[in-house]
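Subject: Structure for you to look at

Hello,

Here is the structure I said I would pass on. Please open it first and then read the notes under it.

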Amino acid sequence: MKNTIKVERAKKNWTQADLAKEIGISRQGLNSIETGKFIPSTVLALRMAKAFNTTVEVLFQLDDKEQ
Amino acid sequence: MERSEKNVSRNSVIFALVYGATYLPAALLLKHQMVSKPLSLVIAIVPIATFAFYILKLIRAFSVMDEVKQRVQLEAVVIGFSLTAMLVMLLFLLELCGVSNPGWFGYGHLVGYCWIFYFIGWFISKKKYGV
C-alpha cells in the first residue's frame, strides 16, 4: 500500500505533529503510517482524508502487486 | 484526548510500581519464612491483588492508545505469551527427560521470564513500526 500523505501534508504546509494532532494520534504513529509500516483503519483513513479535504482513494493506493 | 491518554498511562505505571513494591517484599518475606502461616497467606495474596489492579489499569491504558500503539502492545503480548508458553513446554518436556534445574526455572523465575519476553516483544514491535 502506498500513500500520498507527505505530498498532501506539504500542500497544506503541515508538519507531522500538526496532522497527528488533527486526527488524534501520536506523531510517531503518523510517521509509521506515512512510511508505509502501518496500514491505518478505515476510520483513521477517513479522518485523515477529511483533514485534507480529499478522499481516501487519493491518500491511499494499492501497490501494483496488490492489485 | 492526549491528556487523558497520558493520565491513564501514568496510572498504569503507578500501579506497576505498586505491584513491584508489594511483590518483591512479599517474595522475600515468604522465602525466608519470617512470618506465621496465616499471615503469610495474607501476604501471598496482596501482590496478586495489586497485580490485578495493575492489569485493569493497563487494559484501560490500551483502550485510549492510538491504533499504532495498540498494535505494538498486541504484538508484544503475543510474542511474550508465545515465548513463555514455549519455555513452559520445554521445561515440561525436559522434566520428563529427567533434565531440569528448578534453581533457575521455578515458578518465581517464570514470572520474571514472562516479563522479559514481553519486553523483547515490545522492543521487536516498536522497531517494526518505527514507533
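Start with Thr22(B). Apart from neighbours within four places in sequence, Thr22(B) is in contact with Val46(B), Pro47(B) and Thr50(B); two residues are in contact if their C-beta atoms, placed from the backbone, lie within 7 Å.

Before the rest, some ground rules. This is a predicted model, in which local features need pLDDT of at least 70 and side-chain atom pairs count only at pLDDT 80 or more, while totals for chains, interfaces and linings use all residues. Residues are numbered from 1 along each chain as its sequence is written, and chains are lettered from A and ligands numbered from 1 in the order in which they are written.

Thr22(B) and Pro47(B)

Thr22(B) sits in helix α1 (residues 2-31) of chain B, and Pro47(B) in helix α2 (residues 37-64) of chain B. Helices here are DSSP runs (H or I, at least four residues), as are strands (E, at least two), numbered from the N terminus. The two residues are 25 residues apart in sequence, and their C-alpha atoms are 5.3 Å apart in space. Pro47(B) and Ala21(B), 26 residues apart along the chain, have C-alpha atoms separated by 8.5 Å. Leaving aside neighbours within four places in sequence, Pro47(B) is in contact with Tyr19(B), Thr22(B), Tyr23(B) and Ala26(B).

Thr22(B) counts as partly exposed because it has 17. The cut-offs are 20 or more other C-beta atoms within 10 Å for buried, 12 or fewer for exposed, and in between for partly exposed, with C-beta atoms placed from the backbone.

Transmembrane spans

An unreviewed UniProt entry places the feature "transmembrane region" at residues 12-32, 38-56, 76-94 and 106-125 of chain B. Such annotations may be inferred rather than shown by experiment. In the model, residues 12-32 of chain B are 95% helix and 0% strand, with end C-alpha atoms 30 Å apart. Residues 38-56 of chain B are 100% helix and 0% strand, and their end C-alpha atoms lie 28 Å apart.

Helix α3(B) against helix α4(B)

The axes of α3(B) and α4(B) come within 7 Å and cross at roughly 140 degrees. Axes are lines fitted to C-alpha atoms, for helices over the stretch in contact, and angles run from 0 to 180 degrees between N-to-C directions. The angle makes α3(B) oblique to α4(B); under 35 degrees would be roughly parallel, over 145 roughly antiparallel, 65 to 115 roughly perpendicular, and the rest oblique. Residues of α3(B) that meet α4(B) include Val68(B), Gly80(B) and Leu87(B), and those of α4(B) include Tyr113(B), Gly121(B) and Tyr129(B). The residues of this contact divide into 16 nonpolar, four polar and three charged. Nonpolar means Ala, Val, Leu, Ile, Met, Phe, Trp, Tyr, Cys and Pro; charged means Asp, Glu, Lys and Arg; the others, Gly among them, are polar.

Where the chains touch

The contact between the chains takes 13 residues from chain A and 10 residues from chain B. On the chain B side, α3 (67-96) and α4 (107-129) each supply at least two residues. Helix α3(B) gives the most, with four residues. The chain B side holds four nonpolar, one polar and five charged residues.

Regards
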